[in-house]
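Before reading on, take a moment with the sequence and the model, and turn the model slowly from one side to another.

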Amino acid sequence: MNLPYYSEEDIRSLVSMSEAINAMSDAFKSLSSNTAIVPSRINMPIMDQNALHLSMPAYIKGGKYIMIKLVNVHYDNPKNNLPLINGIILLMDSKNGIPLAFMDGKSITALRTGASSGLATKILSNQNSKSAVVIGSGVQALSQIEAIRNVRELDSIKVIGRNMNKVEELCSKFDSLVKPGINDSLKGADIICTATTSKVPLFNYEDVKSGVHINAVGAHQSNTRELDTKLIQKAKVYIDHLDPSKNEAGDILIPISEGVYSWENIQGELGELIEGKIKGRTSDLDITVFNSIGNAVQDLAIARLIIEKKGKE
């Protein structure tokens, strides 16, 4: 059996950021309406390689496709000029189980993660938002910039990272509105995106202004976090999916373990917000947070777009 393989170049040529953002709306609604079947992902630590393997299947009831994504996160890769995340997606026919295609998992992960932040930013950020800060300098950060620019007319985007060479390289891929930033840049930001693997908060509640919207998408383990406890306490927090968040969302689990927060404080899932089941921002001064650990149904939504577009060529 010779299955087609869709590379990063294929995926970027087939799916625009606007299309990906629209696809995320359907993906999140399927989670909140329980039409998505997404078992808990397998997290397999590979301690001797400073790595983590993830296995993630997904299916939407009545849909045409079954998907499984296999991802490897090697934390030493960036310092060796290798991608942090590598992976592959297998898409199969839901009626007969026949494999249909392989797809580059790294690029779909970046695209759907960025698109999810774009969707959350469109729904939750103040419409007059003009300035943004992105923390991180990898492929996830690039996708975050593309996504938030797709939904808001921004005048300034500052990028903060530990390696200034990588920050400058990332900024060079965009126009002059995207520039390196410093921690003080956070104070004026209307939108903040965090795309790191940090185990400690990247900034504090006192570092941001009222009315900011934050997309926290990098931490996806119970012991990793990007936001501090006080910020989580003070913000309106929205998540992608409740059940897996209770095992993996360190940004929320750590404040809960400190005894100062609970799941009842969460506003709800993004899909519930899209469907009007819960309220979003009610004031220009609200601090809103979209805390995402990622979900395989997001990958399925992009994979479906790719194979159906390819079939029309």
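This is a predicted model: local features need pLDDT of at least 70, side-chain atom pairs count only at pLDDT 80 or more; totals for chains, interfaces and linings use all residues.

Residues are numbered from 1 along each chain as its sequence is written, and side-chain values use heavy atoms, with hydrogens and water left out.

The secondary structure of the protein comes to 10 helices and 15 strands, where helices (H or I, at least four residues) and strands (E, at least two) are DSSP runs numbered from the N terminus. Along its principal axes, the C-alpha trace spans about 55 × 40 × 40 Å. A compact globule of 313 residues would have a radius of gyration near 20 Å, and the 18 Å of the protein agrees with that; this radius is taken over C-alpha atoms, and the globule rule is 2.2 Å times the number of residues to the power 0.38.

Two packed helices are described by the angle between their axes and the distance between the axes. The axes, which are lines fitted to C-alpha atoms, for helices over the stretch in contact, with angles from 0 to 180 degrees between N-to-C directions, come within 8 Å for helix α2 (residues 17-32) and helix α3 (residues 105-124), and cross at roughly 75°. That makes α2 roughly perpendicular to α3, a description used for angles of 65 to 115 degrees. Among the residues of α2 that meet α3 are M24 and F28, contact meaning heavy atoms within 4.5 Å.

With which other helix does α2 pack at an angle of about 85°? The partner is helix α4 (residues 139-151), and the two axes are 10 Å apart, which makes α2 roughly perpendicular to α4. Here M17, S18 and I21 in α2 meet S143, E146, A147, N150 and V151 in α4. M17 and I21 also belong to the α2 residues that meet α3.

The largest cavity has a volume of about 40 Å³, a volume being the space filled by probe spheres set on the points, which are joined across faces, edges and corners. I60, G63, K64, Y65, L300 and R304 line this largest cavity.

Note on methods
Angles under 35 degrees count as roughly parallel, over 145 as roughly antiparallel, 65 to 115 as roughly perpendicular and the rest as oblique. On a 1 Å grid over the protein atoms alone, a cavity is a set of points where a 1.4 Å probe fits but cannot get out, and a pocket is an open set with protein on both sides within 12 Å along at least five of seven lines; lining residues have an atom within 4 Å of a point.
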